[in-house]
Amino acid sequence: MPKYHINVKPAPPRFLPPGKYVLIDREEGCLGCKYCVKKLCPYGVYNKREFDSIQLRDTIDYYCRNCLYCVEACPGGTITLMVNPTYLEIGDSYWKPEIITKIWRQAETGMISVSGAGYRGPFAGSGFDDMWTDMSEIVRPTRDGIHGREYISTDIEIGRKLSYLAFDAQGKLASSTPPLIEIPIPMLFSLPGWGKWGKPVLLSMAKAAKTLNTLFIIPLAQFTKELHPYIDNLGIYIDSLEELSALPKDVKIIEIPYNLSQNFQVIKTSHPQTIVMIKIPLSPEAKQRSLTLTKNGAEVFHFSADDHGLEFAEKPRFIKDIIKDIHLSLVDEGTRDEVTVLVSGGIAMAEHVAKTTICGADGVILDQVLMVALECRLCKDCLQGIPCPIDIENIEPDWGAQRLINLMNAWRDQLLEVLGAMGMRDVRRLRGEMGRAIFYKDVLNEAFASIKRK
Amino acid sequence: MGSWPPEVKGTTSRFKRPLGKYKIIKRANCNNCGLCVKLCPCGVYKFIGKKVMPLREYRCIGFSCEGSEHYCVAQCPEKALMVIKNPTIEALGDYRWTSDLILSTWYQAETGNPPDYMEYKIGNSGGGFDRLRFSFEFENQNFSLKEDVSTTIDLNRRNDGRPQVTISVPWYGGGMSFGSVSLTTMLARAKACMEWNTFTCTGEGGYPEALIPYKDHVITQVATGLFGVREETIKRARIVEFKYAQGAKPGLGGHLLGDKVTPDVARMRESVPGISLFSPFPFHSVYSVEDHKKHVDWIKEINPKALISVKVSTPVDVDMVAIGSYYAGAHIIHLDGSYGGTGAAPDIAKKNIAMPIELAIPKVHRFLLEEGVRDEMVIIASGGIRTAYDIAKAIALGADGVVIGTAELVALECTRCGNCERGRGCPRGIATTDMELSSMVELEWATQRISNLFHSWYLQLIDILRRLGMHSITELVGKTDCLFYIDKWSENG
C-alpha cells in the first residue's frame, strides 16, 4: 500500500482570531527615546501592525508572542500586557479558549503545535485529562522522525468482521462476507447536533472527506444533488424506514438511530452491500443494547455522547470511561472483533482520538471540532436566529475543505507521535491497549500509598 | 572552590522596568519631598537628580504594607501616590510556573534569599509537588546547627573502582545543547556550577571548547543524534550521560528547528546550517538490555574514570528500565518526568506522553529497594523541579538528587513565553544562538544570578533539614513519612 499523505496548504483565517493578551500603550510617560523598544521587538510586531477597519481590531495582539520584552524594557514603563476579555469569552467550560485557538491554528497551518519550555497546564484533570499514554525506551522499532522511512499506519476498517469462515461440503466458502470499508485515518466527519450550516459548509466537509478518503455522515434531509459527486465518501443518516427508498443508490453507509435497529435485517435485505451503522446515544442502557445488537449481527456502532463528552444520564460518566466499559464487555462476550465501534462527542484535540482508541474505540466521528476549524466560535447565536458573526453560511468551500484537511493532517501527525512513542506501527493495535496507558487515580494511589492524606 | 557557601552579590534585572506584582502611579502633584524615599523599606523610590522616581517598583510589596508606618500612599503629604496591582502579571506565568514562582525566582536570583511576600514554594497545578507538604513534626525539638547540616551527595555508589564524584548540593544542571541555548548561557551555568561544586551538562549539541576550563563540572551527553560526540569529549568528562529519552518529548528525539541551526551550531554538530535537526528515537544501536549494556561498556572502555548516567523518561515500566540500567552497569539512573522543560517539543507530547516525575520516583525507588540494589544506584529526578521545596520533596519521595533546567533560565529572566523554538529563538537572548539576541545576556551577570538562586535554595534546604531534625540530605531519601498529601485543593496549605 502506498504511503498515505495529506497535502497541507495554508488557509488563513477570514476573521482575526482574538489574541490571548492585549498590548496597551500609554502615551503619557513616553520619554521619546531615540531607540524606542518598539523598534527592537524581536518579532517586529510594532512594524507589522495594522488596523483592520472592518473588524475594528489591531493586528498587534495576533502577532504578539507575549515575551514581555517591551513591557520590561521601556524605560518609561508605558507598555502593559493585559488578559484579553474577548479571548476568555470564546467557547465554554469544556471547549476552552486554548483548545479553540489551537484548533484554529492547526486548521490554518496544518502543522502540529510545537513550543519551547515545559508543559503549562494543570497536573491532571477530569475526562481525557486523567490519563497519560505510554512510551517505550528501547525495545521498539526504530524510526527517523515521524515521517521516517518506516511507515506507521492509521488505517481502520469499518464494518462487521467474521470471527471464522464456514465452508460447505464441497469446500466452497459458505459464509457471506459483509461489506467492509477501509479508511486511512481513524476519523470520520459529521455535523453537530445543533446549528445552521448551509451548503458551503456541507460541501467543504464532503470535499475534505473525499480528499482525505474518509467518510462524512450527513442526514438525508441535507443531502442534495451537489453532494452527489462525493457519494463514495458519504454516509447517510435516515430517521425512518420510509426514507430508505429515497436514499441515493450507491451510498456506502446508512446510519440509523437506535429505535430503528429492530429493522436492521429489513434494511440489510434491501441494501446488502451497504454498511448499516447504528447510532446509540451513550446512556446506562447503551452497553446492554450493544451486546444484544452485536449478537444479532450488528456491523458498526456509533456511540454518541454530548458535546462535552458526557453520557446522557443523571450522573453522567465521561465518554472514554463508558467506552472502556462497553469495549471490555464485548471482549468478555467474545464478540468485540466482530463489530466496529465509533464514538463521537467531546473530541476536541488530537490526544482525545488516541485516548478514546486506547479505551476501546476503533475510531471517532468528529462533529463540533470541524465547525471550529471553519472558525465557528461556538457562540450558538444561530440558535436564536441571530446572524452568524463569522458568516459561516457563505464560506468558500475550497477554503473550508482545506481548513479541515489541514486539521486532519495535524491530528494525524500527532497520532503518529503517540504511536511512535509507544513503538506501534498501526493504530489498530492501539485499540483497547489500556496497559499502555497510565491512569491518574491508579498510579497516584500506588505511588503515594505510604503518604498521609489530609 | 572558595568559601562555602559561595558569596551572594546583589544582581538586579537587566531591564529598565522589571516586572513586579504592583505598579506605582505618581501623580503630577508630587513635590519631590523625598519622604517616600526615606520611608520605603524595600527601596522602591530613588532620587534622580531632584526628582523622586519609583525606580524599583518591582520590589513593592503592595497592599500588605497598608496600615504600616511606612505605607507611602497614606504617608505622602501630597497624596500623590497610588499603588495598583500590575495588570501585566496576569499575562505572566501558568499553572506550573505561576507568576509568583517566576517573580520569586527572579527575586532569589537578585538577592540570594527567598522572598517573604510571595509564594516561592509551590505552583498552582493542583497535583504532585503542588499538593505535597512537609509535616515538620520535629519543629519544637532542638535544631541542628546550620553548620552541621550537609547537603552533599555521592554519585558513585557501586564500589566498582571508578572514582567517587561528590557534589556539594543535591542538584546539577540538565542537558541544554549549544544551539538550544547560547554559549553565554552554557558558560554561566558551568561557572555557577563550578562555584557550587556541582555539574552542568552539554546536552546533545557537542562540547564547545569554551567549556573546557570548567570540564570537571561538565557532564557530556551521548544522545540518539550523536551530535558532536567525539572520543576526546568523552575522555574529558567525569560523568557521561546517555540520553535515551527526554521527559518533555518521550519517544521523540531532540528537535532543533532550522532557524536555530546557525553556522556555529552546524559546525559543532557537523550538520548543515538552516536545516532542522530531529534526532532519531531510540538509539539505533540499542534494542535490548544487552545492547544497552554494550553501550555503557563502550563509554566505560573509552573513559575508564567516567561515571555513567542513563537518562530515561517515565513510561509504565520505568522501574524495569531502572533495574535494566543497574545491570548494564550505570551509576546514575536519571528519570526525566513528562512536565519538564525543553527547547522545542510537540504540545501533545509534553502533556500526554509518560507520567509526571512525582509518580515515577516512588515507583523506581521502591522497586530498586525490593530488588536489593537501591544502595548501589543513584536516582536523579528531573522534569518539573522548580523550587527548593520541589527538590526536597523529590528526595523525600525517593530520589537522591535532582536535575534542574528551567529554573536556571528563569533566573536569567526567562518569562517562559515558550518561543524558544521558533525563528531566531529566545526574545531575551537566553535560548538562542542569534548573535544580536544572545548579546543581551552578559556572562558575569548571568553567572551571579544562577549562583544567587542556588544560594537561596541551599538556605532553604538547610532550613527544611533542620526543621525535620536531620543532619544530612541523605537522611531524607525516601522518607515519605515526612510528607503529607492534600487531597482537596487548599489555597494556603
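## Two cis prolines in chain B

Pro5(B) sits in the segment before β1 (22-26) of chain B. In this predicted model, the peptide bond that leads from Trp4(B) to Pro5(B) is cis, and its omega is near -10 degrees.

There is a cis bond to find at Pro282(B) as well: the peptide bond from Phe281(B) to Pro282(B) has an omega near -10 degrees. To locate Pro282(B), look in the loop between β13 (277-278) and α7 (289-302) of chain B.

## A covered helix in chain B

Now turn to helix α11 of chain B, residues 388-397, where 10 of the 10 residues are buried. Among them are Tyr389(B), Asp390(B) and Lys393(B), along with Ile391(B), Ile395(B) and Leu397(B).

What do these buried residues pack against? Their partners in chain B are the strands β5 (132-134), β8 (171-173), β18 (401-404) and β19 (483-485), together with the helices α10 (357-370) and α14 (443-467). Just after α11(B) comes Gly398(B), with a positive phi of about 135 degrees.

## A closer look at Thr185(B)

Thr185(B) belongs to helix α4 (residues 183-195) of chain B. Is Thr185(B) buried or exposed? Its relative accessibility is 0%, so Thr185(B) counts as buried.

The side chain of Thr185(B) makes a polar contact, at 2.8 Å, with the side chain of Ser182(B). Leaving aside residues up to four places away in sequence, Thr185(B) touches Leu409(B), Leu412(B), Gly429(B) and Ile430(B).

## Chain A as a whole

Chain A contains 13 helices and 18 strands. Its radius of gyration is 25 Å, close to the 22 Å that the globule rule gives for 454 residues, so chain A is as compact as a globular protein of that length. The C-alpha atoms of chain A fill a box of roughly 95 × 60 × 50 Å along the principal axes.

Of the 454 residues in chain A, 58% count as buried. The accessible surface of chain A is about 19400 Å², and carbon and sulfur atoms account for 54% of that surface. As for charge, chain A carries 53 positive and 56 negative side chains, with the centres of the two sets 4 Å apart.

## Positive phi angles in chain A

Asn66(A) is not a glycine, yet its phi is positive, at about 60 degrees. You can find Asn66(A) in the loop between α2 (60-63) and α3 (69-73) of chain A. With a relative accessible area of 22%, Asn66(A) is partly exposed.

Glu375(A), also a residue other than glycine, has a positive phi near 85 degrees. Glu375(A) lies in the loop between α11 (368-373) and α12 (397-422) of chain A, and at 2% relative accessibility Glu375(A) counts as buried.

Terms used. Residues numbered from 1 in each chain as written. Chains lettered and ligands numbered in written order. Predicted model: local features only at pLDDT ≥ 70, side-chain atom pairs only at ≥ 80, totals over all residues. Heavy atoms only, no water. Helix = DSSP H or I, 4+ residues; strand = E, 2+ residues; numbered from the N terminus. Rg over C-alpha atoms; globule rule 2.2 N^0.38 Å. Buried < 20%, exposed > 50% of the residue type's maximum accessible area, 1.4 Å probe, protein only. Areas by Shrake-Rupley, 256 points an atom, 1.4 Å probe, with all protein chains shown as cover. Lys, Arg positive; Asp, Glu negative; His and termini not counted. Charge placed at Lys NZ, Arg CZ, Asp CG, Glu CD. Polar contact = N/O pair within 3.5 Å; in protein donor to acceptor, adjacent residues only side chain to side chain. Contact = heavy atoms within 4.5 Å.
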